[in-house]
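Please keep the sequence and the structure in view while reading.

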Amino acid sequence: MVDEMLIVDEMIADIQSGKYGQEEKLPSENELADQYLVPRMTIRKAYERLQELGYIYSKQGKGSFVKDRKKQIPLMLSGNVSFSKKMSELGYPFESRTIFCEKTDYNKMVFQFLGADEMDKVFKIGRLRLVDQTPIALHISFVAQSVFQDIEAEGPGITSMFDYYHKKGFSEFTSASSTLSVMFPTKFEREVLRCSSLVPLLILESGCLDQETGTVLECTKIIYRSDRFTYVI
């Protein structure tokens with residue numbers, strides 16, 4: 001008997017080959033159930049998986065449709081322009097919300113990059129990025145209090161770290177070497193980014209330095225929903 005995942009694989013192949021075009025309505029659950037000789041519930045589960053994976057979307061009472069991947073946000077993973085400015089330049093209805101600012105536990109890699117020792121205070125500031133009120137990314141900045149004395153008080157109000165650094169007298173930025181990885185979301189990330197456990201996350205870990213003085217400003221971890229972006233290499 002044909003199982004749900006085989007149907008998912010075949011539907012993905014059909015979408016990628018162009019058999020079903022962008023925004024095209026897919027066969028109904030009953031039609032596919034007859035085609036594969038399976039219960040309708042099997043098709044419903046297959047469509048749910050395709051939706052979780054970002055290939056299709058559903059309209060109440062109208063059926064399932066192929067998602068237009070050209071509408072995904074083009075993202076450059078390098079450069080010295082803030083994420084907020086990039087989104088504004090691209091014309092997206094963008095919003096940034098600071099969802100936490102808290103002292104973080106000792107992490108050898110983070111503290112060493114910041115030039116901090118175990119007794120120093122390092123704060124992590126998390127900003128949730130939204131387009132059309134949909135979460136697309138979580139930016140986490142690790143900042144040493146030895147560099148920014150008022151970070152504990154001002155951190156909760158920061159929506160752009162670059163703007164904050166400008167106010168503190170830093171104007172030219174450069175990035176440290178970056179590490180790129182892929183992982184599936186934790187429970188916290190699923191709740192914050194409002195995504196399913198099947199949506200891979202792209203993790204970019206890097207750092208930001210002041211170009212003129214070499215001062216390390218932050219250690220950065222950015223978590224992108226892979227189904228919301230196309231990537232410019």
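Ring pairs join Phe-148, Phe-162, Tyr-164, Tyr-165, Phe-170 and Phe-173 into a cluster. The model is predicted, and it holds nine aromatic pairs. A pair of aromatic rings is described by the distance of the centres and the angle of the planes.

**A stacked pair**
- The ring centres of Tyr-57 and Phe-65 are 5.8 Å apart and their planes meet at 25°, so this pair is stacked; the cut-off for stacking is an angle under 30 degrees.
- Tyr-57 is partly exposed, with a relative accessible area of 22%.
- Phe-65 is buried, with a relative accessible area of 10%, because buried means under 20%.

**An edge-to-face pair**
- The rings of Phe-148 and Phe-170 have centres 6.0 Å apart and planes at 75°, so the pair is edge-to-face; that label applies to angles over 60 degrees.
- This pair links distant parts of the chain, as Phe-148 and Phe-170 are 22 residues apart.
- Phe-148 lies in the loop between strand 6 (134–144) and helix 6 (151–154), whereas Phe-170 lies in the loop between helix 7 (161–167) and strand 7 (173–175).
- Both Phe-148 and Phe-170 are buried, and both belong to the cluster.

**Charges over rings**
- Lys-59 has its charged end over the ring of Phe-65, 4.7 Å from the ring centre.
- Over the face of Phe-100 lies Lys-124, at 5.7 Å from the ring centre.

Terms used
Residues numbered from 1 in each chain as written. Predicted model: local features only at pLDDT ≥ 70, side-chain atom pairs only at ≥ 80, totals over all residues. Heavy atoms only, no water. Phe/Tyr/Trp six-rings, centres within 6.5 Å; stacked < 30°, edge-to-face > 60°. Buried < 20%, exposed > 50% of the residue type's maximum accessible area, 1.4 Å probe, protein only. Helix = DSSP H or I, 4+ residues; strand = E, 2+ residues; numbered from the N terminus. Lys NZ or Arg CZ within 6 Å of the ring centre and 35° of its normal.
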